[in-house]
Amino acid sequence: MDFKFTEEQQMLRDSIQKFVREHYPADRVGARRKAFRKAPGFAEENWQQFADLGWLGVPFPEELGGIGGDLADVMVVMEELGKGLVVEPYFPTVVLFGSALMLGGNADQQQSLVPQLIEGKLRGTLAYMEEQARYELADVATTATARDGKYLLNGTKSLVLNADSADYLVVSARTGGDRTAREGITLFLVPADAEGVKRVDYPTIDVLRASEVSFENVAVGEDAILGSVGEGLALLEAISQRAILALGAESVGMMEMLYRDTTDYTSQRVQFEKPLAAFQSVKHRIVDMFVQTELTRSLLYRATMEVQGEHEDAPLDVHGLKHMVGKAGRFVGQSAVQLHGGMGQTEELRVGHYFIRLAAIDAQFGDTDYHLGRYTELMPIPEGEPDADLLPF
Amino acid sequence: MDIDYTQEERQFQQQVRGFLDENLPRGNEMWSKRDAWFKSLQAQGGWDVPKWPAEFGGPGWTPVQHYIWDRETAGRSLPPVLPFGQVMLAPILMRYGSKEQQERFLPDIRANKVNWCQGYSEPGAGSDLASLKTRAVLSEDGSKYVVNGTKIWTTMGHMAQWMFCLTRTSSEGPKQEGITFLLINMKTPGITVKPIFTLGGSHHVNQVFFDNVEVPVENRVGEEGKGWTYAKGLLQHERSGIAGISRTLTALSKLKKNARSVRVGDRTLLDDSSYKRKLAETEIELRALEFAELRSLADAQQTGEPGTASSILKLKGTELQQRVQELTIEAAGPYALNAGFKEAGPKFSKMGMMMYLNGRAATVYGGCSEVQKDVIAKRVLGIKD
Ligand SMILES: Cc1cc2nc3c(=O)[nH]c(=O)nc-3n(C[C@H](O)[C@H](O)[C@H](O)COP(=O)(O)OP(=O)(O)OC[C@H]3O[C@@H](n4cnc5c(N)ncnc54)[C@H](O)[C@@H]3O)c2cc1C
């Protein structure tokens, strides 16, 4: 067992922190984020810097121009981007689109797209969610009908992250089965400017960008299929696991900043002739924030290493992680806002932005209740007779 | 980062399993074969005193090996050791005791021959332990201390032959100074032990009274006035044991089996989704805490210090113990009324309520949760009062 970060990971962390200090200074976070409300919602020159510094290549193999990192490396990146409240679309392009290509793509697809992605010349996103689906990956009404060696896509995808700056969309559609059937889902690689693709773009509450994307007789060839026909759900689930790990890392980074900022603020702010942090109810609430953060971090490490090593407990702990991220994230975020008083309600301090982003994360890829339910289905129940020999404590 | 055991660690795990299968006495033999069990542990090279350093005959395990031992033994019932001597006093004697004291006391502690109790708390000194008042006055010829006062909540005080005890030898200066660490023979004239019955009627704890009790000066550990420093190191040993994460995981696993045996209509309690969700929430936190413990072990292995994750172990570990106990009596349903009878109700209900009642103490002793939080705020977060 080994829980150390490698020297490379430490360097990666340092370089992102340096970028954040330069481009996302804490005292300008509010104004900075406001400026990004309009399309494309981030700075192209930052994206190019991500490419130049090698961050876009982190999880991709060296043969494709990447640096051959693993999920722990992505975790480091996401944690630091989270701390910096960075808006560049690393998550949709590298985590969602990148995982779709690496887990489902064939050699041709990978070779034609991944090197460009790594160079910062191509972006993608995942168009999987539909309005009626809530958190069910299998609830897909969009259809893909085979005709003359082509597929025609029809339907509407909702809340597609950064679609307005994406070159490719990975779209889930039905090649068979009823709307909620687990079989019959296929993933397609669709150019964002294909004929029949329409978008309505908008900023989300956490000042990122999303779109409603409709498909009207959008024709794609068989070479656009990612993975196997009809077996797209397993692929979606695998992408979703990686999405949860990445959002978990981002959340843990933010939660750490929240308890630190709250410690600093309440240690400096004097009321009733002493620092607020000297009041025990304030102090203990901050400790609770710290405890929740460390617990979530521990589960994040556990789930990340288990998915990386393809452990049998991986699905269980990923559900547990997203459950905990939602619950602990809400507690930590709310506590930070509360303990900053009036200042906590403003857009001026970064705590409010972390708070909003954590709420947004809970509402993506399944919220805290949804994943508790999924965990409950998978929870191992040992075989054997009831056991009256309870352990004394 | 790597979650897997190394080759050697896996081998060790196999070795532990094989050893337990072969040597661990079961059921009724737990007491009759206890000595043979301790001998077999000793024959492994110090497995009878896992936490002791190699120079004192311990196995010299790495933190991960300790973790493996805990996990492998948690699911099985082991013949009990006497914890106060082996786990709590021994490390102090090894570090601060004289050679004579080590030779005199350690072998009997190791052989589980002598029962020790811990005399720290007093009626007026609980969480604020340093305000203790039991006085020890050095006789004029310097040969003995004369002790007067009282200790309370002394676990096993009625069965112990010896007590390690914090006494006040000076009232000058800060209260942490002027505390002296004495070893007191419980048979000494002037000692009275009175039982205290805790919730559910158990007798584990006592109040101990000292009336001109004479303690030879050679029973003082270390220097006069330095007892607080010695005891503080020891409290850390106590806390690392109290978290009991492996045990709680085992208790939860048993609870699932027991819940499945409880009928609700024509189904079982495990089919009740609200109950099952409570189990799941508890298990998720436990799995997170289990990993926090591993992180802390890994830090200890690499740096010699347990790291920030360790600070939450006692606090969160005791909370989760109590949560599993709550869910156990919920599972017993109407048989939460069981006061130890076996005439009615599911078998596990016989001990369930007792476990729940005794379990409340875990967030009080070894530093109550509120004090733990104060400590984290100060040491980890740097919050000043
Ligand atoms: C079953 C059991 C076994 C024990 N065994 C032993 C033993 O063998 N030897 C021994 O020496 N002692 C033993 N103890 C004593 C134990 O260490 C003390 O009970 C503990 O230190 C708390 O002291 P107290 O009971 O005086 O509670 P108090 O100090 O009076 O505290 C009462 C409550 O007030 C709150 N509180 C206390 N301090 C603070 C604070 N700073 N901030 C906010 N809230 C606070 C907490 O909720 C606490 O539970 C045992 C106790 C129990 C229950």
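**Exercise 1. Describe how helix 5 of chain A and helix 7 of chain A meet in this predicted model.**

Step 1. Locate the elements: helix 5 of chain A covers residues 90–104 and helix 7 of chain A covers residues 232–268. Helices (H or I, at least four residues) and strands (E, at least two) are DSSP runs, numbered from the N terminus.

Step 2. Axes are lines fitted to C-alpha atoms, for helices over the stretch in contact, and angles run from 0 to 180 degrees between N-to-C directions. The crossing of helix 5 of chain A with helix 7 of chain A is right-handed; in a right-handed crossing the near helix is turned clockwise from the far one by less than a right angle, and in a left-handed one anticlockwise.

Step 3. Name contact residues (heavy atoms within 4.5 Å). Helix 5 of chain A contributes Phe91(A), Val95(A), Leu96(A), Ser99(A), Ala100(A), Leu103(A) and Gly104(A). From helix 7 of chain A come Leu235(A), Ala238(A), Ile239(A), Arg242(A), Ala243(A), Ala246(A) and Leu247(A).

Step 4. Sort them by class: the contact has 11 nonpolar, two polar and one charged residues. Ala, Val, Leu, Ile, Met, Phe, Trp, Tyr, Cys and Pro count as nonpolar, Asp, Glu, Lys and Arg as charged, and the others, Gly among them, as polar.

A note on conventions: residues are numbered from 1 along each chain as its sequence is written, and chains are lettered from A and ligands numbered from 1 in the order in which they are written. The model is predicted, local features need pLDDT of at least 70, side-chain atom pairs count only at pLDDT 80 or more, and totals for chains, interfaces and linings use all residues, while side-chain values use heavy atoms, with hydrogens and water left out.

**Exercise 2. Follow the pairing of strand 3 of chain A with strand 2 and strand 7 of chain A.**

Step 1. Strand 2 (residues 143–147) of chain A pairs with strand 3 (residues 150–161) of chain A in the antiparallel sense, over five bridges. Two strands pair if DSSP finds at least two bridges between them.

Step 2. Ala146(A) has Tyr151(A) of strand 3 as its bridge partner. The hairpin of strands 2 and 3 of chain A has two residues between the strands, and Asp148(A) there takes a positive phi near 50°.

Step 3. Strand 3 of chain A also runs antiparallel to strand 7 (residues 209–221) of chain A, with nine bridges. Tyr151(A) has Val220(A) as its partner in strand 7 of chain A.

Step 4. Strand 7 of chain A also holds Asn217(A), which has a positive phi of about 45° although it is not a glycine.

**Exercise 3. Describe the contact of domain 2 of chain A with domain 3 of chain A.**

Step 1. Chain A is assigned domain 1 (7–122), domain 2 (126–230) and domain 3 (233–390); such bounds come from an automatic or database domain assignment.

Step 2. The centres of domains 2 and 3 of chain A, taken over C-alpha atoms, are 30 Å apart. Their contact takes 17 residues from domain 2 of chain A and 16 residues from domain 3 of chain A.

Step 3. These domains bury about 1500 Å² between them, 69% of it on carbon and sulfur atoms. Buried area is the accessible area (1.4 Å probe) that two parts lose on being put together, summed over both.

Step 4. Tyr135(A), Leu137(A) and Asp206(A) supply 41% of the area that domain 2 of chain A buries against domain 3 of chain A, more than any other three residues.
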